[in-house]
Amino acid sequence: MALEMAGAVIILEPNQKRATAGGCMDSEGRRKFLGVCLAGTAAAAAVAAGYPVFRYLAPRSGATGLQKLVISAADLHEGEAKFFEYGGSSAVLIKTKGGEMVALSAVCTHLGCIVQWVKEQQHFLCPCHGGQFATDGTVLAGPPPKPLARIPVTVTGGNITIG
């Protein structure tokens, strides 16, 4: 049996399959190859989309970040605030005009913005919606529903220990 393809004559033996224009691969093999490629692409896309979701929903591993933090008392003057990270979020240490040390979460209880210290007025201001907090964390004005969370502070010698 003889076949003519693109000007070439191909002679087939009686048990030999017919050659295709794309080479030796028959349509069933091509279909299987394309199916494997499609499945691999779909699996890669699922992993690429699913990994960020998993990392967002999965709890953080390792230390919780609630270790004690030690700051030198000389680093903080009366009426000033020092921002730092504590437990995975922003916190602030204030030395009030009376000399008392107060540590608070710096995350506004309204929508989670980071509060700012207004030194001239000796209070915190949330820049998002105008919430105001006193040096002890209580709400002075604005939409925040709760006071700022307090963090334990101890002063020993010349060191301030937070946590």
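Of the 163 residues of the protein chain, 22% count as buried, where buried denotes a relative accessible area under 20%, exposed over 50%, and partly exposed the range in between (1.4 Å probe, protein chains only). The structure is a predicted model, in which local features need pLDDT of at least 70 and side-chain atom pairs count only at pLDDT 80 or more, while totals for chains, interfaces and linings use all residues. Residues are numbered from 1 along each chain as its sequence is written, and side-chain values use heavy atoms, with hydrogens and water left out. The protein chain exposes about 11,000 Å², and carbon and sulfur atoms supply 59% of this area; accessible areas come from the Shrake-Rupley method with a 1.4 Å probe, and for residues only the protein chains shown count as cover.

The protein chain comprises one helix and 13 strands, assigned as DSSP runs (helices: H or I, at least four residues; strands: E, at least two) and numbered from the N terminus. Along the sequence, these elements follow the pattern β-β-α-β-β-β-β-β-β-β-β-β-β-β. Among contacts (heavy atoms within 4.5 Å) between residues at least 6 apart in sequence, 37% join residues at least 24 apart.

The largest nonpolar core has 13 residues; such a core is a set of buried Ala, Val, Leu, Ile, Met, Phe, Trp, Tyr and Cys residues joined through side-chain atoms within 4.5 Å. The residues with the most contacts inside this core are Val92, Ile94, Leu104, Val115, Phe124, Phe133 and Leu148. Strand S5 (89-95) and strand S6 (101-105) each supply at least two of the core residues. A second, separate core of 11 residues includes Tyr86, Ala91, Leu93 and Ala103. When residues up to four places away in sequence are not counted, Val92 touches Ala81, Lys82, Phe83, Phe84, Val102, Ala103, Leu104, Ala106 and Phe124. Phe124 is located in strand S8 (residues 123-125) and counts as buried because its relative accessibility is 0%. The C-alpha atoms of Phe124 and Cys108 are 9.6 Å apart in space, with a sequence separation of 16 residues.

One disulfide is counted under the criterion of a pair of cysteine sulfur atoms within 2.5 Å. The bond joins Cys113 to Cys128, with an S to S distance of 1.9 Å. The link of Cys113 and Cys128 is left-handed, with -115° about the S-S bond. Cys113 is buried, at a relative accessible area of 14%, whereas Cys128 is partly exposed, at 39%. Cys126 is in no disulfide, and the nearest cysteine sulfur, that of Cys108, is 3.6 Å away. Cys126 is buried, since its relative accessible area is 2%.

Strand S12 (residues 153-156) and S13 run antiparallel and are joined by four bridges; strands are taken as paired if DSSP finds at least two bridges between them. Val155 has Ile160 in S13 as its bridge partner. The two strands S12 and S13 form a hairpin with two residues between them, and Gly157 in the turn has a positive phi of about 65°. Thr161 is placed in strand S13 (residues 159-162) and counts as buried at 15% relative accessibility. Apart from neighbours within four places in sequence, Thr161 is in contact with Lys68, Leu69, Val70, Pro152, Val153 and Thr154.
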